Amino acid sequence: MNNYFLTGMISILMLSVFGQTQKIEFEEFTLDNGLNVILHEDKTTPIVAVTILYHVGSKNEQADRTGFAHFFEHLLFEGSQNIERGEFDKYVERNGGTLNANTSQDRTFYYEIFTSNNLELGLWLESERLLHAKVENIGIETQREVVKEEKRQRVDNQPYGTFMEEAFKRLYKEHPYNWVPIGSMEHLDAAQEEDYVKFYQTFYVPANATLSIAGDIDIKEAKALINKYFSSIPKGQAINLYRDFIMMDEAAFQTKYEISKSIFNQENFFATTSKEGKAAIKKYENTPTIIPRPTAKEPALQKETVDVIYDNIQLPGVFMAYHSPAQNTKDAYALEMLNSLLAGGSSSRMNKNIVEKKELAVAAFSFNFPLEDPGMALVAGIASKDVTVEELQNALDEEIVRVQTELVTKEEFQKVKNQFENNFYSSNSSVAGIAESLANNHVYYGDANLINDQLKMYENITREDLMAVAKKYFKKDARVILHYLPKDSAE
Amino acid sequence: MNKYIIIITVAFSATSAFGQLDRTNAPKPGAAPEINIAEPEVFELDNGLKVILSSNHRQPKVSFNLVFTSDPSIEGEKAGLSNLVGELVLGGTTDRSKDQIDNEKDFIGATLAAGSNSIFMSCLTKHMDKGLDLMLDVLHNANFPQEEFDRVKKQTESGLLSAKTDPNSMASNAVTKSVFPNHPLGEVMTEASLKNISREDIVAYYKARFIPAGTYLVIVGDIKLEKAKELANKHFASWEGGVPYEASYNSGYFPENNRVIFVEKPGAVQSVINIAFPMDIKPGHEDIIKLSVMNKLFGGGGFGTRLMQNLREDKAWTYGAYSSTNIEREGAWFSAAGSFRNEVTDSAIYEFLLEFENITKELVTDEELELNKASMAGSFARSLESPRTIANFALSIYRNNLPSDYYQTYLKKLAAVTKEDVLAVAKKYITPKNLNIIVVGNEEVVEKIARFDADGVIVRLDEFGNPASMKTYKETSMDKNEVLNNYFMAVTGQKKLAKAEKALVKITSMEQIMSVKPQGAPIELTMTTYFEAPNKRSTSIEVMGMVAQKEVFDGEKGGSKTMNQSGGHDISELSPEEMDEKKIMNTLLPEMGLMSGKVEYTLLGIDELNEKEYYVIEYTIGQSTTKAYYNTDNFMKEMSETLEVTEEGPQNVTAKYSDYKAVKGISFPHKISQMVGSAVLDATVKEINLNVKIDPKKFEL
């Protein structure tokens, strides 16, 4: 196996319309340039989801250039070498499709969904984005303004909208989870075109991407098309040699590479026949791209920090944040079940006791941010009218102490297990969702097949595990508490 | 799949790497796939209940939805009754308390929901029996406990409060009330109508409408026909009785000419414009697909529509402008809407009207027709992924008597829509001279929008869409100066004005220290005020010894500083206008500033609040308007309300003054409770010292 490296190969079962619920079958392989590909065939509806996940999120940013990963999510709709500015989404709409993207601390995810006859169009669009997107000032200027509007609307103008930013910056001092994907507008203003180009060249390379396609496809045909659009994307640093070749003038190119642009085919870089040209390409193909990943380990919190945040809100809120385990650990599964016990569904402890019985809160939450490295667990509530933050906090703490000191009853534990079983079977209802789950599982857990196996992880958790994680993570002397108060009360 | 194929692809990829692939042009899509819409199973039980089944085994889940088909009725003084039914049906049964229902539902990870005409349950297939048991209990035995009724009513009441401040709810209330008078679609719940609803009303509604006759049971998911038949017969066939309520209604109100309807939102910086009119069309009508194409390209979503291109992309007057067609069994209407800055409110209405004219006069372009048809076809195809869509299609076919292939042929009909069709439906349904032009916004825009009303008389509605009554005050023979003079005499305890004035002028300086507690917050603030005649003033607020906020004016200039989150202070200086205001109004009592003759003020009359009567004086300074309330018995000021327009929108501040105590003969309120939005600050005076020496530095930042 040279060019194709198969990491997983599963025979395709015939899909029977009236058969038992199917396991999600998929094929997975890696192209020579490092692009990971996952294909899932489901012909129930003649639509296809073309998705690509780049393993870059805000945690890969420099501390003085935050917001870059999310900014790229915007910038990469601006166009490419062959797609005029503003045309990217028109190709999709004109063909009856829909598209979007999102960014987390760990990854950036793009997708298109359309009728299955547009598979090739989707692959072309994504190959343009990967190979030679336009990373230049005009697009940067436009998207900077759009991102600022987005921050105003979704963070600043949203009641309690800053809690994530405020909590993470107090929980993490060493690790880049210190900041959140929306990042700093000042950093975006300060950044120069070359900063953006460098980011693109570092993280937008095939070896850092997973192409996941689900829906009405013919696997063989899909492979041929993927091969057509993606196999010729250069591996290693050769992709950046090409990008610089089209973007840089001769002098800049010479300075960087110590060779002249003239040794390459001027019309079509990929049709270069000169000996030196081919040698240069070869050399850079063999220079791997190193993707910087944060290695910082955050020391445990040593005390309880309480801060007050004044916001445009009507009702005070209490947000209690703790360090949580990384998502691919047994502790993470146990903690998720604990969250469900506390706040999942109308019969959950916090809803029954704090919201309905004591009427201390209009809503109460307990959840984890599922992140690749240890992240955040949050227990929170929005106070009812005339309830103080102390009263609410005491009630939340009471529930936490209870799970730390009393073993959950068998019946209540079974309820939580049943809820997870229901969630598991509810999660893969669309081809777009399946494509995304497969890609996430591959990237974060190194196992796309977790889409079929994840339930087992929860089945292995015991009641004792729940109590253990409650003690281990919900520590009173190692947490950050934010009291959100109406801005008016500060006057 | 075998190795052989892989090797071939490998060889192919080796030759094509760095090959001659032409990336310059987008690949053309292949032949459009055939869109097959699965046929649901439909069968009827002996009691007449129709069952629609859409099987889908992708997930081991199943859902049951009971849909009751009584027509809505006019609720009148109990408007909103049906909105409460859904939540209350789940509030307890003769066998189970609400807690038990919640617990048992969560135990199997099920969803149980209800609306005014439906009960829905979904769960894993293996818990189907248990899920159905809960659903049936709620269906047959709901007993509406009084305490749940009270809790839900209380919760709904606070929901109505927020509707009062939301301009979009206000606009939508005005639309439904204006387009559908005396019609179930035109009813809006108010605080008064909520009060009129009793538990017995809810019980009666449930008994009359949650009945088998005319009802559909829609089953979706991992269940086969035989099992569905077995369960439906077992659980629903013996359920009998009832007659669905039937009624027919008018098809909405067409104004004879364009009319402007205004809803005031004090202090608004944006106007919500919503132009709406009824359409005489029923679900299933052959024009519907053509009409939806017309709406899509007019303003039905996306950036490429006419409204978006004109009002956002070209004029940049709005973040978004949209149109919609709403075609329901009870009635149909068209609406086009957006939010616009005050200054461009009239220009925006002009552009809306122009777009209405254009779409009814000229053929649309080929490009916009094709783009929008393609986009609609794609979204139809994507919607088919959900088995629920298939079931809803079947339900719609039955409820609206559509031909059985209505949805099967949807794409074909869509593809056949021409430019001429679009023009024809636009001419038929859009009546650019019979529009309801609804504007929710600031009083200042009224004058400019009157020209769009055919007879120039604007209709005014309140936040719930009812005729607005202007606030009225009782007349009084007292004159505005007399009120203030009496107030001065009251606070100084003098019987003669001259003596009162003398007493006030004697006060040359003041130091006041107050303790301030925000309700609901665990903190106590200290607010210190210094005053030196005639108009030097400084106010600072300290939290735990740190200055959180300070505002000063030294007679000539001034400014403020506010602590920011990094612990430093943001400083801002007073504008020239603000300095002019301070010079006049920074007197010991603001009323002394009013008497200076430099500020306009009026006596609105007498208002009654909490069984007490007050003289109400109103004055406007800069961006803020204040109403001050003086007790008619003793002329003491007991309340003031200030509406201030800030950069962040309008803000209401209400202050209540009580516990008047004399300091050197002058009465000062020692308790002040201030409400800003929903936040309440309680202030208590700790000390007031008059005619003390004040360090000039106190008036510096």
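Predicted model: local features only at pLDDT ≥ 70, side-chain atom pairs only at ≥ 80, totals over all residues.

**Entry: two helices in chain A**

I next looked at helix α3 (residues 119–132) and helix α8 (residues 219–230) of chain A, whose axes come within 9 Å and cross at roughly 25°. Angles under 35 degrees count as roughly parallel, so I noted α3(A) as roughly parallel to α8(A). The crossing of the two is right-handed. From α3(A), I listed A:L119, A:E120, A:L123, A:W124 and A:S127 as the residues that meet α8(A). Their partners in α8(A) are A:A222, A:L225, A:I226, A:Y229 and A:F230. Sorted by class, this contact holds eight nonpolar residues, one polar and one charged.

**Entry: the domains of chain A**

I then turned to the domain assignment, which divides chain A into domain 1 (5–236) and domain 2 (304–490). Taken over C-alpha atoms, the centres of these two domains of chain A are 28 Å apart. Domain 1 of chain A puts 36 residues into the contact, and domain 2 of chain A puts in 31 residues. Which elements give two or more residues to the domain 1 side? I wrote down β3 (36–41), β4, β6 (108–115), α5 (163–171) and β7 (209–215) of chain A. The most comes from α5(A), with six residues. By class, that side of domain 1 of chain A has 19 nonpolar, 10 polar and seven charged residues.

**Entry: a glycine in chain A**

Is A:G57 buried or exposed? I have A:G57 down as buried, because 23 other C-beta atoms lie within 10 Å. A:G57 sits in the loop between β4 (47–54) and α1 (68–75) of chain A. Beyond its neighbours within four places in sequence, A:G57 is in contact with several residues, including A:A69, A:T103, A:D106, A:R107 and A:P181. I also checked A:F72, which is 15 residues from A:G57 in sequence and 9.9 Å away in space, C-alpha to C-alpha.

**Entry: the domains of chain B**

For chain B, the assignment gives domain 1 (41–165 + 190–236), domain 2 (259–461) and domain 3 (480–699). I noted 33 Å between the C-alpha centres of domain 1 and domain 2 of chain B. Their contact takes 12 residues from domain 1 of chain B and nine residues from domain 2 of chain B. On the domain 1 side, β2 (50–55) and β6 (216–221) of chain B each supply at least two residues. The largest share of that side, four residues, belongs to β6(B). I sorted the residues of that side into seven nonpolar, four polar and one charged.

I found a cis peptide bond from B:A533 to B:P534, with omega near 0°. B:P534 is in the loop between β14 (525–532) and β15 (536–543) of chain B.

Where is B:N401, with its positive phi near 50°? I placed B:N401 in the loop between α14 (387–399) and α15 (410–416) of chain B. B:N401 counts as exposed because it has 11 C-beta neighbours inside 10 Å.

B:D659 has a positive phi near 55°, and I located B:D659 in strand β23 (residues 649–663) of chain B. B:D659 is exposed, with 11 other C-beta atoms within 10 Å.

Key
Residues numbered from 1 in each chain as written. Chains lettered and ligands numbered in written order. Axes fitted to C-alpha atoms, helices over the stretch in contact; angles between N-to-C directions. Parallel < 35°, antiparallel > 145°, perpendicular 65-115°, else oblique. Left-handed = near helix turned anticlockwise from the far one by under 90°. Contact = placed C-beta atoms within 7 Å. Nonpolar A, V, L, I, M, F, W, Y, C, P; charged D, E, K, R; others polar. Domains from an automatic or database assignment. Buried ≥ 20, exposed ≤ 12 C-beta atoms within 10 Å, placed from the backbone.
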